[in-house]
Amino acid sequence: SDVCSSDLELLKFIGRLLMGEKLAEDGIESVLAYICRAPDLRLDMPLFVVRGGTAEDAVMSVGSGDKGICDVMHIIEQDLQRRGENSITTAADVLRDTARCGSSLICALELGKASETTEPPEAEEAEPEARSVAPLGYAILREGKLCRYLTSEQAIGVGLLKNAPGRATVELRDRHGDAAVLELNGGGCRIRPLWEGETLRGVEIACEARASLLEHGGRGVLNETEDFDYLTARLESKLAGYLSAALQASKELKADYLCLAETLERADPAAWRGLDREFIDLLPELELQITVSARLNQMNDMK
């Protein structure tokens, strides 16, 4: 449905567009068209999908005291830009990726549940209980319609595949079973097609990542080569899982939200022109070869 003028005032006020899950499932073409033609809105406006709720739920119930939805969203966006689990997706990003690749990603938000009370308040005197909102990976849009979500961990894989991992954190266990938190501080992927004659057989993903030890919950100090070798191996395994999950979702949905087609075509344009089928039809059949090489290059644990 179209967007009324009161919604326009709300969009101008919060500086971003929140969409409910049902709207995203039905399709966001009308929303994008509205943004394109509205003189007071910009194509670089960030977009978010409220998972399991409506935009009204988020706008009316999030925040408490002097902080409302605007303040909360500002903090979330700053954190996302720093950490890299989600890049901030704008209307321009969605329009571009949908036109080029047929699919796109939008940051997903999850509303926190209202706290439970022992005695329900009287209906006439009760005020809406404040709720929280937090980023929760990506919403995958195929041809403008929501079809699945990627978790925050799988979003780390997306960041690496797009060569923009940010400073995402990965939680691990060391070789003694103690908790350790690593922070990515660089990395990316080299993506190449695997040909068998003139047939595109698969995709090779070679990922390199750098990380620092942000926090270690063990009683001792990690100072042995075996300790760091073990953490590095565990990090490589975790990142390989994130990459695999992001790519498998793309294959299962036949949704090229990573724009692999463009990357593979640039690697060998001549061979690409010889494809006998559209890439989107080949995508579910492609073999994935994923390798990850990680390196711990800093120690940020104060202990």
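This is a predicted model: local features need pLDDT of at least 70, side-chain atom pairs count only at pLDDT 80 or more; totals for chains, interfaces and linings use all residues.
Residues are numbered from 1 along each chain as its sequence is written, and side-chain values use heavy atoms, with hydrogens and water left out.

Okay, helices. Look at H7, residues 152–161, and H8, residues 225–253: their axes come within 7 Å and cross at roughly 85°. Helices here are DSSP runs of H or I with at least four residues, strands are E runs of at least two, and both are numbered from the N terminus. The axes are lines fitted to C-alpha atoms over the stretch in contact, with angles from 0 to 180 degrees between N-to-C directions. So H7 is roughly perpendicular to H8, a label that covers 65 to 115 degrees.

Who touches whom? On the H7 side you'll find Ile156, Val158 and Leu160, among others, and they meet H8 residues including Leu239, Tyr242 and Leu243; contact means heavy atoms within 4.5 Å.

On a 1 Å grid over the protein atoms alone, a cavity is where a 1.4 Å probe fits but cannot get out, a pocket is an open set with protein on both sides within 12 Å along at least five of seven lines, and lining residues have an atom within 4 Å of a point.

The second largest pocket has a volume of about 330 Å³. Its lining has 19 residues, with Arg100, Leu161, Lys162, Leu258 and Cys259 nearest the centre.

Last stop: the whole structure has 15 salt bridges, meaning a Lys or Arg side-chain nitrogen within 4 Å of an Asp or Glu carboxyl oxygen. One joins Arg16 and Glu77, at 2.4 Å from N to O. Arg16 sits in the loop between H1 and E1 and Glu77 in H5, so this pair ties together parts 61 residues apart in sequence.

How values were computed: Angles under 35 degrees count as roughly parallel, over 145 as roughly antiparallel, 65 to 115 as roughly perpendicular and the rest as oblique. Grid points are joined across faces, edges and corners, and a volume is the space filled by probe spheres set on the points.
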